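The sequence and the structure are placed below for reference.

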Amino acid sequence: MEKEIEKIIKENQFSNLSKEDLQSIEEWVGSEEEFEVLKQILMTAESLNENVAPSPKLRESLTDAFNTQYSGKTAILTNKGEGKKKVVWLRFAVSAAAIFVVLMLLFPIYNNDQQEITASNTPAVPKEKAPQFTEKKVNSTEELEQNESNIEELGDGIRELPNQLATVNSSENAASSNPSNSFYADADLSSVSFFNGHSDRLVVNDLPEESRQVIQENPGLLDILYTSF
Amino acid sequence: MRLLRATYKDFSDEKLMHEMQLGKEQAFQELYDRYAQSLHQYFYRRMWKDKEKAEDFVHDLFTKIIKNPESFDVNRTFKTWIFSVANNMTINEYKKQAVRSVVSTGIETEYQASTNASSDSIVQDEMFREALEKELIELDEKHREVFELRHIQGFSVKEIAQTLGINEGTVKSRVFYAVKQLTGKLVEFKVSLQA
C-alpha cells in the first residue's frame with residue numbers, strides 16, 4: 001500500500017472523499033464499510049507496536065560482552081573471534097622467527113664479503129711512502145754540515161758536488177742552499193734531484209735523453225727547473 | 001563522553017557498524033539504543049508476546065553482531081540487514097517449536113471472553129485490536145511478516161524487500177493480499193459485534 005493511499009484512508013471520512021481519492025482507493029476498498037474497517041486496521045496496527053522495551057540489564061551485559069570481545073589490541077587486529085586471534089599471533093611469531101633465521105644465515109656471508117673487500121682494498125690504497133733517502137742520508141743537522149763540508153767552494157758562488165749522491169731534503173735544507181748561486185752548475189747532473197718542498201722530486205736521469213742533453217748544454221735551466229718545482 | 005556520544009548520534013548505522021568493528025564501545029551502544037527497542041517489539045510480537053523470550057532473542061541477535069560483525073552485508077542497509085537476521089531467527093524458532101496452533105487457541109479464548117465485555121467505544125476498540133491480532137496470527141507467515149513490517153514496524157516497501165530478500169512487486173502483492181484478508185475478516189467481526 002502506497003503512502004498516499006494510506007494517508008487518504010487514515011485522514012478522511014468516506015463521505016468527504018473526492019472522485020480522485022475514490023479512484024485511488026477503489027482497488028483496496030469496495031464499500032464504505034470496508035473503508036471504515038481498513039481505516040481502523042491501519043490505526044490499530046500502529047498501536048500494536050506495544051511499548052515493550054528490553055531491561056537495562058540487557059544493555060549492560062551486552063556492553064560487557066562487547067568489551068570482552070574487543071579488549072586490548074587484539075580487537076583491532078582481529079574481528080573474527082578467539083580462534084582467529086590465536087592464528088594471527090601465531091603468524092606474527094612464525095614470521096618473526098623466519099626473519100631472524102634468515103638474518104642469522106646471511107650475517108656470515110655478509111661478514112666474509114666485507115673482509116674480502118677490505119683485503120682486496122689494502123694494496124689498492126697504499127700508504128704514501130716517505131722519501132727514504134732523507135732519513136738515510138740526512139738524519140741530522142750535523143750530518144748535513146758534514147755533507148756540506150764535502151762540497152768544495154769553487155768561487156763565484158759556484159759549488160762543486162763530490163761524486164757521491166747529492167741529496168737535499170726538508171725545507172730547512174732547501175732554504176740553506178741558495179739557488180741563485182748556480183749550485184748545480186758543474187754537478188753530475190745524472191744524480192741531481194730537485195725537490196719542491198714536498199715529497200715530489202725530479203731526477204735528471206729519469207728525464208728523456210733529449211731533455212738531459214738540453215740541460216747539459218744549458219745548466220742554467222736547472223735553476224729554472226728548481227724554482228719551478 | 002557526552003561529546004563522543006553526541007558525535008556518534010550523527011553517524012549512520014553503517015558507519016557505526018564500522019566503528020564498532022574497530023572496538024568502539026560508544027558506537028556499539030549507539031547502535032543498541034537505536035535498534036534494541038524496535039527489535040524487542042518485533043520479537044515480542046513474533047514470539048507470542050513472550051517478553052522474556054523476546055529479550056533473549058534481542059540478546060542473541062546483538063551477541064551475534066558482536067562476535068561476527070563481518071557478517072554484516074555492506075551492500076544492504078543496516079536496518080534491513082538486522083531485521084532480516086531477526087526474521088530468520090523467528091523462522092528458525094517456528095521450525096523448532098510447533099506451538100503456533102496452541103497460541104492461536106489461547107488468543108481465541110481471550111478474544112471470545114472479551115466479546116462478552118461492555119460495549120462502549122473503548123472496549124470496542126480494544127476488542128477490535130484483539131480481533132486484528134488474532135487475524136494476523138491466522139494469516140500465513142509470508143503475508144503476516146510483510147504486513148507487520150509495513151504497518152507495525154513502519155518499513156517502506158523497498159526496506160521490506162531488502163529485509164526479506166524478495167522483490168518490491170512481491171512485497172506489494174503480499175501487503176495487498178494481507179490487507180484484503182484482514183479487511184474481509186474484520187468486516188465480518190464488526191457486523192457480528194453490532195448484531
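**Entry 1: Chain B overall**

I looked up the burial of chain B: of its 195 residues, 49% count as buried, where buried means under 20% relative accessible area, exposed over 50% and partly exposed in between, with a 1.4 Å probe and protein chains only. I note that this is a predicted model, in which local features need pLDDT of at least 70 and side-chain atom pairs count only at pLDDT 80 or more, while totals for chains, interfaces and linings use all residues. Residues are numbered from 1 along each chain as its sequence is written, chains are lettered from A and ligands numbered from 1 in the order in which they are written, and side-chain values use heavy atoms, without hydrogens and water.

I then recorded the secondary structure of chain B, which comes to 10 helices and zero strands; helices (H or I, at least four residues) and strands (E, at least two) are DSSP runs, numbered from the N terminus. Along the sequence, the pattern of chain B reads α-α-α-α-α-α-α-α-α-α.

**Entry 2: Salt bridges**

I counted a salt bridge wherever a side-chain nitrogen of Lys or Arg lies within 4 Å of a carboxyl oxygen of Asp or Glu. This rule gives 19 salt bridges over all chains.

I examined Asp13(B) and Arg34(B), whose closest N and O atoms are 2.5 Å apart in a salt bridge. Asp13(B) belongs to helix α2 (residues 13–21) of chain B and Arg34(B) to helix α3 (residues 25–46), so the pair ties together parts that are 21 residues apart in sequence. Asp13(B) is buried at a relative accessible area of 14%, whereas Arg34(B) is partly exposed at 28%.

I next noted the salt bridge between Glu19(B) and Lys24(B), with 3.2 Å between the closest N and O atoms. Glu19(B) is buried at 9% relative accessibility; Lys24(B), at 32%, is partly exposed.

I also looked up Arg45(B), which forms a salt bridge with Glu148(B) at 3.4 Å between the closest N and O atoms. This pair links distant parts of the chain, 103 residues apart: Arg45(B) is in helix α3 of chain B and Glu148(B) in helix α8 (residues 141–152). Both ends are buried, Arg45(B) at 9% relative accessibility and Glu148(B) at 2%. Salt bridges with shared partners join Arg45(B), Arg46(B), Glu133(B), Glu141(B), Arg144(B), Glu145(B) and Glu148(B) into one network.

**Entry 3: Aromatic pairs**

I paired rings of Phe, Tyr and Trp (its six-membered ring) if their centres lie within 6.5 Å, with planes under 30 degrees apart counted as stacked, over 60 as edge-to-face and the rest as tilted. The count is 16 aromatic pairs over all chains. One of them joins Phe28(B) and Phe62(B) edge-to-face, at 6.1 Å centre to centre and 85 degrees between the planes. Phe28(B) lies in helix α3 of chain B and Phe62(B) in helix α4 (residues 51–67), so the pair ties together parts that are 34 residues apart in sequence. I found both Phe28(B) and Phe62(B) to be buried.

**Entry 4: A residue in chain A**

I finally looked up Glu26(A), which sits in the loop between α2 (19–25) and α3 (32–48) of chain A. Glu26(A) is exposed, with a relative accessible area of 55%.
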